[in-house]
Amino acid sequence: MEEKKKNAVLSEVLDYVKVIVFAVVFVLIVNNFILINALVPSESMEKTIMTGDRIFGFRLAYEWNEPERFDIVIFKYPDDPEQKELYIKRIIGLPGETINIVNGKVYIDGKKTPLDDSFCPETPIGDFGPYTVPEGCYFMLGDNRNCSKDSRFWENTYVREDQIVGKAVLRYYPSIKLMN
């Protein structure tokens with residue numbers, strides 16, 4: 001009888017260990033290959049994403065589709081890709097386009113009408129450019145452009161596609177909000 005109790009306890013402990021090992025492996029796979037968990041470190045994307053918000057990014061978003069204008073992406077800092085801190089900005093310029101910023105308004109390829117920047121909390125200031133985006137690269141701006149260190153100020157102006165870690169899809173803290 002004593003032997004049966006020992007075997008039952010051992011079997012139960014092994015069941016718990018299996019569940020724990022499975023959960024750890026599952027989380028590691030999801031975290032390293034499917035989702036990225038990012039903290040927003042600055043006010044550069046406010047009012048869309050606030051300082052201190054937690055974001056899930058989808059690592060596989062660009063496996064089958066190209067990044068698009070206005071996507072909010074998580075990427076490695078172009079001036080120091082080895083830096084651990086990730087950046088979050090909005091794609092404004094696509095490969096092959098020429099970006100010109102006049103009185104804070106963004107113009108693409110010499111068009112007379114600026115891009116819709118209704119997501120910006122205030123009218124941006126300044127003139128920048130022109131910038132011609134190389135193939136395989138993207139021009140990034142923060143939504144809070146007057147407080148954003150972005151493509152306008154980086155030594156390496158453009159974010160290469162291989163530096164994009166994922167597309168921001170969900171703010172989960174402090175409240176849930178789908179990103180668009």
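Where is the place of Phe22? Phe22 sits in helix 1, which covers residues 2–34, where helices (H or I, at least four residues) and strands (E, at least two) are DSSP runs numbered from the N terminus. This is a predicted model, in which local features need pLDDT of at least 70 and side-chain atom pairs count only at pLDDT 80 or more, while totals for chains, interfaces and linings use all residues. Residues are numbered from 1 along each chain as its sequence is written, and side-chain values use heavy atoms, with hydrogens and water left out.

At 59% relative accessibility, Phe22 counts as exposed, given that buried means under 20% relative accessible area, exposed over 50%, and partly exposed in between (1.4 Å probe, protein chains only).

The chain as a whole has 1 helix and 11 strands, and reading along the sequence gives the pattern α-β-β-β-β-β-β-β-β-β-β-β. Its C-alpha atoms fill a box of roughly 85 × 30 × 25 Å, taken along the principal axes. The radius of gyration of the chain is 22 Å, whereas a compact globule of 180 residues would have a value near 16 Å; this quantity is taken over C-alpha atoms, and the globule rule is 2.2 Å times the number of residues to the power 0.38. Of the 180 residues, 37% count as buried. The accessible surface comes to about 10,900 Å², of which 58% belongs to carbon and sulfur atoms, with areas from the Shrake-Rupley method and a 1.4 Å probe, and with only the protein chains shown counting as cover for residues.

Among contacts between residues at least 6 apart in sequence, 61% join residues at least 24 apart.

The interior can be followed through its nonpolar cores, a core being a set of buried Ala, Val, Leu, Ile, Met, Phe, Trp, Tyr and Cys residues joined through side-chain atoms within 4.5 Å. In soluble globular proteins, nonpolar side chains tend to be buried together. In this chain the largest nonpolar core has 15 residues, of which Ile92, Ile99, Ile101, Val106 and Phe139 touch the most other members. The elements giving two or more residues to this core are strand 5 (98–102), strand 6 (105–108), strand 7 (128–132) and strand 8 (137–141), and the largest share, 3 residues, comes from strand 8. Val106 touches Ile92, Ile99, Asn100, Ile101, Pro114, Leu115, Leu141 and Arg145, when residues up to four places away in sequence are not counted. Apart from this core lies another, of 13 residues, among them Met45, Ile49, Val165 and Met179.

Asn103 lies in the loop between strand 5 and strand 6, and has a positive phi of about 50 degrees although it is not a glycine; Asn103 is exposed, with a relative accessible area of 57%. Asp109, found in the loop between strand 6 and strand 7, likewise has a positive phi, near 50 degrees, in a residue other than glycine, and with a relative accessible area of 44% Asp109 is partly exposed. The loop between strand 6 and strand 7 is also the place of Gly126, which is partly exposed at 28% relative accessible area. Gly126 touches Ile101, Val102, Asn103 and Gly104, not counting residues up to four places away in sequence, and the C-alpha atoms of Gly126 and Gly104 are 5.1 Å apart although the two residues are 22 apart in sequence.

A cis peptide bond joins Gly129 and Pro130, with omega about 5 degrees, and Pro130 has its place in strand 7. The bond from Tyr173 to Pro174 is cis, with omega near 10 degrees, and Pro174 is in the loop between strand 10 (164–173) and strand 11 (177–178).

Strand 10 also holds Val169, which counts as partly exposed at 30% relative accessibility. Val169 touches Phe56, Gly57, Phe58, Lys177, Leu178 and Met179, leaving out residues up to four places away in sequence. The C-alpha atoms of Val169 and Ile55 are separated by 7.4 Å, although these residues are 114 apart along the chain.

Notes:
Contact means heavy atoms within 4.5 Å.
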